[in-house]
Amino acid sequence: MPDKYTRFAPFYDALSGEWPVYRAGRVRGIRALQPAPGDQILDIGCGTGLNFASLQAGIGKTGRIVGIDSSAAMLRQARRRVQARGWTNVALIQADAQTMTAAELSSTLRHQGARPHSAKALATYSLSLMPHWQTAFDHVCSTLVPGGTICVVDMQRPLGAARVLGWLAEAACRLGGSDITAHPWTAVEEQCTDVVPDQARGGHLQIRAGRIPLPTGNRSHPSER
């Protein structure tokens with residue numbers, strides 16, 4: 001069955017407000033994530049792959065990007081981007097992070113030739129699209145190595161003087177299907193350590209990066225980049 005992005009996907013990059021508004025959040029989020037050579041990074045709700053080039057600059061040829069999205073149409077656009085750039089270190093998985101458990105994701109990663117546990121994860125403007133975003137956040141965190149880093153970039157109503165543009169921000173979120181009141185970055189604040197906060201575009205874009213706490217008891221993963 002076609003998803004809501006089937007018709008929109010080919011035009012997403014041009015119509016999403018990326019360059020005037022939302023690229024600023026991606027740039028700051030990836031900077032906070034600090035991708036390093038050899039890292040395997042999960043891009044949750046990767047869409048058309050707008051994060052890939054900046055992530056590649058950090059992870060180099062020895063690293064790997066795993067793009068996860070529930071939309072087949074958006075993944076087709078991401079695949080075209082990967083092929084056009086000649087990237088051989090990108091795996092694309094069609095899955096819903098809300099329903100795919102950590103065990104299922106790790107198994108799928110193995111089948112894709114990727115490591116079962118990743119060093120870092122990034123969610124840009126994707127969690128607010130999910131009714132059960134907290135579940136998705138927990139699933140992703142469970143697949144990261146101990147001390148791994150997750151960064152969430154998402155939207156809220158603008159603050160301060162920029163509040164006059166609140167109607168425009170709300171309209172953009174409604175058009176894209178996002179819940180502007182979801183505030184999914186709060187999960188990073190509540191569940192992670194060493195949290196790095198940032199914001200852009202009058203507070204409309206909120207960025208939080210933090211480390212997953214080290215496991216206790218018998219819960220452990222092999223150390224992986």
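Predicted model: local features only at pLDDT ≥ 70, side-chain atom pairs only at ≥ 80, totals over all residues.
1. Cys141 counts as buried, because its relative accessibility is 10% and the cut-off for buried is under 20%. Cys141 takes part in no disulfide. The nearest cysteine sulfur belongs to Cys192 and lies 5.4 Å away.

2. A search of the whole structure turns up zero disulfides. Cys46 is also worth a look. Its relative accessibility is 5%, so Cys46 counts as buried.

3. Now confidence. The protein has a mean pLDDT of 87. Of its residues, 79% reach 70 or more. Take care with residues 218–223, where pLDDT stays under 50. For that stretch the model has nine contacts beyond four places in sequence.

4. Next, trace the β-α-β unit. Strand S2 (residues 64–69), helix H4 (residues 72–85) and S3 form it, and the unit is right-handed. S2 and S3 run parallel, and five bridges join them. Ile65 stands opposite Val90 in S3. How much of strand S3 (residues 90–94) is covered? Four of its five residues are buried, so the strand is mostly covered.

5. Then the largest nonpolar core, with 30 residues. Leu42, Ile44, Val66, Ile68, Leu127, Phe137 and Ile150 touch the most other members. Several elements give two or more residues to this core, among them strand S1 (40–44), strand S5 (144–155) and helix H8 (186–191). Which element gives the largest share? H6 does, with five residues.

6. Follow Phe137 in particular. Leaving aside residues up to four places away in sequence, Phe137 touches Leu127, Ile150, Val152, Ala187, Val188, Gln191 and Cys192. There is also a second, separate core of 26 residues. Its members include Tyr22, Tyr125, Met155 and Ala209.

7. Last, a loop residue. His117 sits in the loop between helix H5 (102–111) and strand S4 (118–124). Is His117 buried or exposed? Its relative accessible area is 10%, so His117 is buried. Gln40 is 77 residues from His117 along the chain, yet their C-alpha atoms are separated by 8.2 Å.

Technical notes
Residues numbered from 1 in each chain as written. Heavy atoms only, no water. pLDDT = per-residue confidence, 0-100. Contact = heavy atoms within 4.5 Å. Disulfide = S-S within 2.5 Å. Buried < 20%, exposed > 50% of the residue type's maximum accessible area, 1.4 Å probe, protein only. Pairing = 2+ DSSP bridges. Right-handed = clockwise from strand over helix to strand, strands pointing away. Core = buried A, V, L, I, M, F, W, Y, C linked by side-chain atoms within 4.5 Å.
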